[in-house]
Structures are given as structure tokens and as C-alpha cells.
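Good morning, and thank you for coming. Please look at the sequence and the structure as they come up, and keep both in view while I speak.

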Amino acid sequence: MLLTSLYVAAIPLAIWLYLLLARGTFWRLSEDDIAPKPLEKWPPVVAVVPARNEAETIARAIASLASQDYPGELEIIIVDDQSEDATAALARQAAAEKAPAFFWFTDADVVHAPDTLRRLVFRAERDSLDLVSLMVLLQAKTFPERLLIPPFLYFFLMLYPPRWIADPRARTAGAAGGCILLRREALERIGGIAAIRREVIDDCALARALKQSGGKIWMGLTRASVSLREYGSFAEIRDMIARTAFAQLRFSFVLLVVTLIGLFVTFWLAWILFFTGNDPAWIMASTAVALMTTTFLLTVRFYGLSPVWAFTLPVAALFYGYATCVSAVRYWLGRGGQWKGRAQAPRGD
């Protein structure tokens, strides 16, 4: 019995040691703090803003784009996003008419700091990057947001460690769709936006296509650019997660089961043994709990929340497991990828 409990306790401990030491230090949350220097010539940029039912936020979002202190030419295009390929059509039109060096894709609910574009372009030019992306600060004001939005960032970085994204030797590729600066030549190399038109997780698909084509990509975090989107209920956050969760699992029932087991073993098993186990299994479980809580604490502090929220990660993991199941059920019922009253079919359908 003692050996069995030791073996069981060793599983979450091994997982958390791996996450701490060998997962690209995703938990450190390195915020973008680059100080742009003058360039000999600032390249022209076209900002593309897809907008669908964004009446409450679009005015502030566009005002922040118009207020950019960018030394080069900047044109702003608003896309009335009623069809799947509207963004692609506008991007092609802008490229034909203006031949910009970069496209800046940003959401209609994001307010950017005045120096955001200057920082993006400087980094891209200095490091010869094809894609530069920033994960903007999401709202964490309501109770559902405080419980579930910091874990959203934590889980995203766990899946896509920024150090691995930037490493050309690593296969990991990711981007944050709310703020992407994309080199036009690199976009043409992969066949344009049409190459990812039917992808549900289009930002990460774009990053993957660029990296596979030999491009260099980078993703960072910022608190200077802020999402205005508010989630006042658990249902709203559930729907946000469910829109892409099953697509992340490649619509596989087997991966769904593996994921649910993984969530239990990673985020719940150590806590169960912490309250029920005996030495030395309890010591192993408590170490796993400490690693879980400490690494997540850095994300909680990033959002300026009380350290108490660091203990809620298992509850958030349970909710994310539930939302992933909702995502799978909606896909099986033919209602996958739901967002703002529209269902997006997976690639190949």
C-alpha cells in the first residue's frame, strides 16, 4: 500500500518538475520591454482590424491606432467581418494598392499604447522577424474573470512557451491573434491568408505555417495594450474556451480523454494526496502542490490580484475541462467553433 501511494504521488511531482525545469520557463511571464531606437527608414504598415458586433469598443480601439506615434506611413483598414474570407480580401487589396512592408492585424476590442507599433516594427527589423505578436492584457475584474482569465494565460503559455516559439530549432509555433505584425513577403511565401482561411485557431496556424516555411517568429506579453472585452459570466468564458478547445485537440476523442485524465493528474491528484496521503507520499504531493501554486502565483501577480487566487488553479482546470467537453459536444452536433452567433466549420468540412 505504501509503495502504491508513493508511485501515485510520484506522478504529479514528476509532471510539475518537468513543467518547472523543462517547459521553456513558460511560468516566468517575461513582459515586452523593448526600447525602440530610430531606424534609417520606417517601413509602411497597413493595420487590418476585423470587426463583428464591436459597437461598444471599436471607437476606442481605432482611436488608439490613429494615435500611434509611428514615424512611418500607417494606413488603417476596418473589415466588416461578415464572411470567412473578408479579411483575406481586404489584405490582398491593401497589398495591391499600397505594397506595405508589414500588416498589423489587431482586434476591434483592443486599445494599444501609442508606441506599440513602433516597438513591434523595431523588433521585427532588428531581429529579422517575419511575425511579431503580443498577448495583450485581458480583463480580470469580475469574479469569473479573476478565476479563469489568469489561468487562460497560464495554460496558453504552457502550450506555447515563448522561448520555444522564438527558437528556430523548436517545432512549437504560436501567436496571439489580438496583435500580430506580419511581414508581407512572408505572408506571400505561404500563399497568403487564404492558407489558413478555414483554421479555427487561425493565429497559431499562421505562426506554424510561417515557421514551417523557414520564417522567424516571436511572441511576447504586454500590459500596455489592453483588451476591452469583458466577461461578466461563466457562460461567456465557457463559450470563449469552447470555440477552439476541441480544435486544439484536432477533433480527436482519444485526445479528449487523454486531456481530461491529464488535467486530473496534473491539477487534482496532488491536492487529493495532500489532504489524504501519509508520509512520504504526502511530502511528494505537497511539493507538487507548492510548485503548482508558486508558478501560477507569478501569473496572478501579473494581473495584480491577491496571492490567494494562486490556490484556485485546480478549480479553473476543472472548468476548462468542462468547457473542452462542451466544445467536443458542439462539434459532434455540428455546431463547433461558435462565436458571436456564427459557427465556423473545421478545415476540410
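Two strands pair if DSSP finds at least two bridges between them. Helices (H or I, at least four residues) and strands (E, at least two) are DSSP runs, numbered from the N terminus. With those terms in hand, six bridges join strand 5, residues 131-137, to strand 7, residues 217-227, and the two run parallel. Within this pair, Val132 stands opposite Trp218 of strand 7.

A word on the source: this is a predicted model, in which local features need pLDDT of at least 70 and side-chain atom pairs count only at pLDDT 80 or more, while totals for chains, interfaces and linings use all residues. Residues are numbered from 1 along each chain as its sequence is written, and side-chain values use heavy atoms, with hydrogens and water left out.

In what order do the seven strands of the open sheet lie? The order is 2-1-3-6-5-7-4, with mixed pairing. Strand 2 (74-80) and strand 4 (110-111) are the edge strands, each pairing on one side only. Helix 4, residues 116-127, packs on this sheet and touches strands including strand 1 (45-51), strand 3 (102-106) and strand 6 (179-183); contact here means heavy atoms within 4.5 Å. The direction of helix 4 makes about 40 degrees with that of strand 6. Axes are lines fitted to C-alpha atoms, for helices over the stretch in contact, and angles run from 0 to 180 degrees between N-to-C directions.

Next, a pair of helices. Helix 11 (residues 253-267) packs against helix 14 (residues 313-332) at an angle of about 170 degrees, and their axes are 10 Å apart. Helix 11 is therefore roughly antiparallel to helix 14, a term for angles over 145 degrees. Phe253, Leu256 and Leu260 are among the residues of helix 11 that meet helix 14, where the partners include Ala317, Gly321 and Trp332.

Now to the backbone. Most residues other than glycine have a negative phi, and most peptide bonds are trans. Thr25, in the loop between helix 1 (2-21) and strand 1, has a positive phi near 45 degrees. Phe251, in the loop between helix 10 (245-248) and helix 11, has a positive phi near 55 degrees. The peptide bond from Asp279 to Pro280 is cis, with omega near -5 degrees. Pro280 lies in the loop between helix 12 (269-276) and helix 13 (281-302). Which residues does Leu6 touch, not counting those up to four places away in sequence? Leu6, in helix 1, touches Pro280, Ala281 and Met284.

Finally, accessibility. Buried means under 20% relative accessible area, exposed over 50%, and partly exposed in between (1.4 Å probe, protein chains only). Of the 349 residues of the protein chain, 52% count as buried. Phe251, at 27%, is partly exposed.

Conventions
Angles under 35 degrees count as roughly parallel, over 145 as roughly antiparallel, 65 to 115 as roughly perpendicular and the rest as oblique.
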